[in-house]
Amino acid sequence: MLEKLSLTCDRLLSHRQLACCHGYCGVPVHGKDMLIYCNVDTEKKPLLLTGHHGEICAMTFGKGSRPVLLCSASADYVIVWDIERCQRRTQEGKVAAGIVIGSLLGEVVNLSFCFSDERVAACSGSTVYILSSKKHEMISTLKRHLAPVTSAEFCPWNKDVLVTTSEDRTFKVWDLKTESVCYQSSVLSASPLLSVFFLEENRHFITGSTDGQLWCFSLPDDHKCHLVTKMDIEKMEKRYQIHHGTVSHEEGVTEQSCEENMETSKPVLKMALYSLFTDDSNEHAKDNSRICIGSTDGLYVVDLASSELLTAIYFKDFTNLSITMAGSWTISRESDNSMFLLVSSLFTPSVVLLELSLCDHQGTPPCGNGFSVFSSSPPLPESPLNAELKKREAMNPKKKGGIKEQPLVFHSKVRSSGYTSTPRRKMFSPKTNVQKNSFSKKAHKKTGFLLRDYPADSAAPSVPHSHQRTGNKPVNCLQYSGDGKQILCGLGDSSVLLYKSSLTGNPTVYTGHDKPVSSVGWSLNRQWWLSASEDQSLRIWTHGSPEPAIIMGDGMFSKPIRSAQFYYLDKFILLASGPSLFLYLYNVDVTRDDIKRYHQRSAVKLTGSFTTTQATDITAMSAINDFYSHIVLVCGSDRSIQVFDMNKGTVASELPDAHCRVVHYITQNKGSMFSTQAPDSYNLFLTNAVTDGMKIWDLRTLRCVRRYENHLNRCHPCSSAISPCGRFIATGSEDNCAYVYDIRSSSFLHKLQRHSDTVLSVTFNPATPELLTGALDGNLRLFQPSSGASISHDTSAAV
């Protein structure tokens with residue numbers, strides 16, 4: 001951060017709106033005059049503008065580059081100046097003059113140009129005046145706030161929409177055509193709202209308060225704003241310091257001094273876009289999810305997608321600056337990866353112009369060493385993944401010695417004499433309705449073995465299609481089979497139901513657990529499936545048999561099994577119990593001896609047991625079974641996410657404080673056999689935590705890349721799912737709805753209603769664009785896209 005200019009004023013300007021643009025900055029002097037400096041050449045003689053009779057209280061530059069317009073306001077006049085025209089008149093020895101566009105509006109605290117520089121919004125008291133920038137004309141007067149208005153900004157994609165904030169702790173969205181309020185927020189905070197900023201790409205806007213709170217809202221065409229995310233600068237700063245292993249702002253200091261222990265408020269004085277332009281194949285690309293926030297002690301760079309603080313630039317870290325606390329900010333963005341910051345001091349009558357290079361503050365480095373869900377090398381010789389289970393030989397009857405009994409005739413079959421059959425009445429009856437088939441039945445059946453691709457361009461499921469009631473017990477978990485034909489439902493009454501994908505017909509009921517089922521999982525070959533329960537047991541089932549083929553219990557685990565699944569292309573059973581991961585080899589053998597009816601020939605063998613760091617209990621687990629992967633993701637009761645490398649059998653990396661609460665569910669982007677995604681997409685995974693929303697992470701950097709908070713999750717362990725195409729995310733919610741998000745946006749696409757209770761479980765059909773939800777009251781609901789009438793429910797062509 002470089003100080004370009006430092007000015008000592010004759011009065012305090014801590015809460016005045018100053019002006020700064022790409023080429024100039026303006027500062028009031030002697031109360032009623034202004035000095036305009038060139039940002040590039042600050043040594044150049046400034047331009048003096050005179051014309052106000054009262055003390056200047058607000059200044060702002062226009063949005064356009066040519067001509068450069070400046071609007072200034074005092075209690076008597078609101079004047080618009082053409083800077084380049086004023087410079088020419090000054091060089092000619094004439095007095096620079098502007099156009100008076102408003103008179104006697106009172107003390108104006110904020111000025112804002114529209115994006116075409118045709119209108120100006122002036123905030124005075126609880127009123128907002130819309131003025132013409134070219135002549136003395138009052139276009140409209142907006143009066144609905146109950147306290148003084150603090151800021152007003154025009155919408156960049158709709159010139160007739162204005163958003164205002166006020167000390168009454170609300171914001172309002174105005175329709176300038178009708179001069180009416182389109183949307184009025186509730187009271188957002190205990191402190192006044194200070195500023196508002198628009199994000200044109202996402203069609204969102206952000207408002208901030210004096211206590212450091214930030215709210216990001218969507219602004220659709222119908223003006224019904226929805227809260228996208230809420231942030232707290234102080235909490236983000238604490239997480240930032242914890243992740244960097246320091247509590248102090250200064251490097252090498254481990255203990256805070258008494259001065260640093262003092263609590264200071266972090267008001268949101270000003271916001272601006274903080275995007276770094278990169279030249280990639282002669283195309284300029286930028287990340288528009290980062291904003292910078294000017295506060296009293298420095299500048300904070302926040303990633304809106306993940307609601308995380310990327311970097312904090314404090315005044316105290318730069319000893320060459322002549323300012324320590326800021327009273328007001330004015331930020332101008334440059335196209336060459338630099339910013340000009342005009343900052344007034346909070347306690348001293350001084351103003352500084354700072355230049356900030358964005359390349360020097362690109363944010364925090366990635367956590368960890370970076371991983372990939374795909375295995376890049378074969379297992380090590382000593383890897384537990386190389387373990388093998390010696391299978392038992394198939395049960396065959398032993399051959400007894402001696403002479404075999406021989407038949408009395410030479411043929412294996414003897415034709416009946418016909419004495420026992422009824423006498424024939426008709427000698428001959430010809431068939432007259434024979435139809436010739438152009439192809440055989442065998443050839444017709446082979447057409448069903450063609451794989452049908454998952455529609456990559458389909459809309460998100462949003463239309464209710466069918467409903468099924470399982471009982472009054474909660475649906476704890478759901479999973480489709482790999483071909484999308486069948487559904488497993490784990491219930492809170494310790495039973496498991498097996499449905500057809502269309503939810504038609506009666507389900508097959510499997511019982512045997514003593515407590516609620518915590519997880520269910522299909523094998524990759526769909527020949528068997530497992531269920532784990534809170535009764536510290538796991539069972540493997542096969543089709544057509546009411547009895548499990550394998551029962552793992554009887555004191556094998558000291559704590560309930562939180563998660564279990566097949567792993568490594570069905571080679572292992574992976575389960576989490578207490579602080580340990582257990583890896584089992586297994587062999588399913590359903591053959592039975594009639595004499596030893598209850599003797600199971602199936603076998604399991606413990607391959608390895610792996611403990612988390614600090615022996616924290618595992619609350620959620622996820623691994624890939626569809627292809628070879630050495631990575632297992634584990635969430636602990638200490639709010640951490642740990643990456644296990646099963647090739648080595650160790651914890652490869654740990655991410656502390658992933659959520660502010662314990663993660664109760666984790667799932668990876670696994671795709672399906674019917675869809676193909678980019679390889680890097682499989683490195684994404686989702687986590688859910690109570691009161692902390694849902695986060696999506698990138699395994700390559702172990703950083704949160706986006707946060708989703710529109711759904712309500714305060715006490716129940718609601719799950720989430722990623723669609724097979726990788727474009728949508730679904731999650732349960734406690735407001736009797738399920739939410740569907742676009743993975744690229746933090747605001748929801750659809751709010752799926754018509755549920756009668758909390759939605760606990762969600763899952764996508766791997767073969768067709770369908771979403772299945774399970775509620776706390778035992779109801780199952782199937783949703784399809786809006787064009788669902790053309791989608792077939794027949795998945796017989798899947799295999």
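Visitor: Is Lys135 buried, partly exposed or exposed in this model?
Guide: The model is a predicted one. Lys135 has a relative accessibility of 49%, and the exposed class begins only over 50%. Lys135 therefore counts as partly exposed.

Visitor: With which residue does Lys135 form a salt bridge?
Guide: The closest N and O atoms of the pair are 3.5 Å apart, and a salt bridge requires such atoms within 4 Å.

Visitor: How many residues apart in sequence are the parts tied together by Asp160 and Lys177?
Guide: The side chains of Asp160 and Lys177 meet in a salt bridge of 3.6 Å, N to O. Asp160 lies in the loop between strand S14 (149–154) and strand S15 (161–166), and Lys177 in the loop between strand S16 (171–175) and strand S17 (180–184), so the pair ties together parts whose separation in sequence is 17 residues.

Visitor: Which helix holds Arg239, the salt-bridge partner of Glu308?
Guide: The side chains of Glu308 and Arg239 meet at 3.5 Å, N to O. Glu308 lies in strand S27 (residues 308–314), so its pairing with Arg239 ties together parts 69 residues apart in sequence. Glu308 counts as buried at 14% relative accessibility, whereas Arg239 is partly exposed at 24%. The element that holds Arg239 is helix H2 (residues 233–243).

Visitor: Which residues are linked with Arg239 and Glu308 in a network of salt bridges?
Guide: Arg239 and Glu308 form a salt bridge with each other. Both also belong to a network of salt bridges.

Visitor: Which residues have the most contacts inside the largest nonpolar core?
Guide: In soluble globular proteins, nonpolar side chains tend to be buried together. The largest nonpolar core here has 21 residues. Strand S26 (298–303), S27, strand S28 (326–333), strand S29 (338–345) and strand S30 (350–357) each supply at least two residues of this core. Those with the most contacts inside the core are Leu341 and Val343.

Visitor: What is the bridge partner of Ile36 in S5?
Guide: Strand S4 (residues 33–38) and S5 run antiparallel, joined by three bridges. In S5, the partner of Ile36 is Leu47.

Visitor: What is the area of the nonpolar surface patch made by Leu524, Leu569 and Tyr628?
Guide: Leu569 is found in the loop between strand S40 (561–567) and strand S41 (572–577). Leu569 has a relative accessible area of 31% and is partly exposed. Together with Leu524 and Tyr628, Leu569 makes a patch of about 250 Å².

Conventions
Residues are numbered from 1 along each chain as its sequence is written. This is a predicted model: local features need pLDDT of at least 70, side-chain atom pairs count only at pLDDT 80 or more; totals for chains, interfaces and linings use all residues. Side-chain values use heavy atoms; hydrogens and water are left out. Buried means under 20% relative accessible area, exposed over 50%, partly exposed in between (1.4 Å probe, protein chains only). Helices (H or I, at least four residues) and strands (E, at least two) are DSSP runs, numbered from the N terminus. Patches are made of residues with over 30% relative accessible area and no salt bridge: like charges are joined within 9 Å, nonpolar side chains (Val, Leu, Ile, Met, Phe, Trp, Tyr) within 5 Å. Accessible areas come from the Shrake-Rupley method with a 1.4 Å probe; for residues, only the protein chains shown count as cover. A nonpolar core is a set of buried Ala, Val, Leu, Ile, Met, Phe, Trp, Tyr and Cys residues joined through side-chain atoms within 4.5 Å. Two strands pair if DSSP finds at least two bridges between them.
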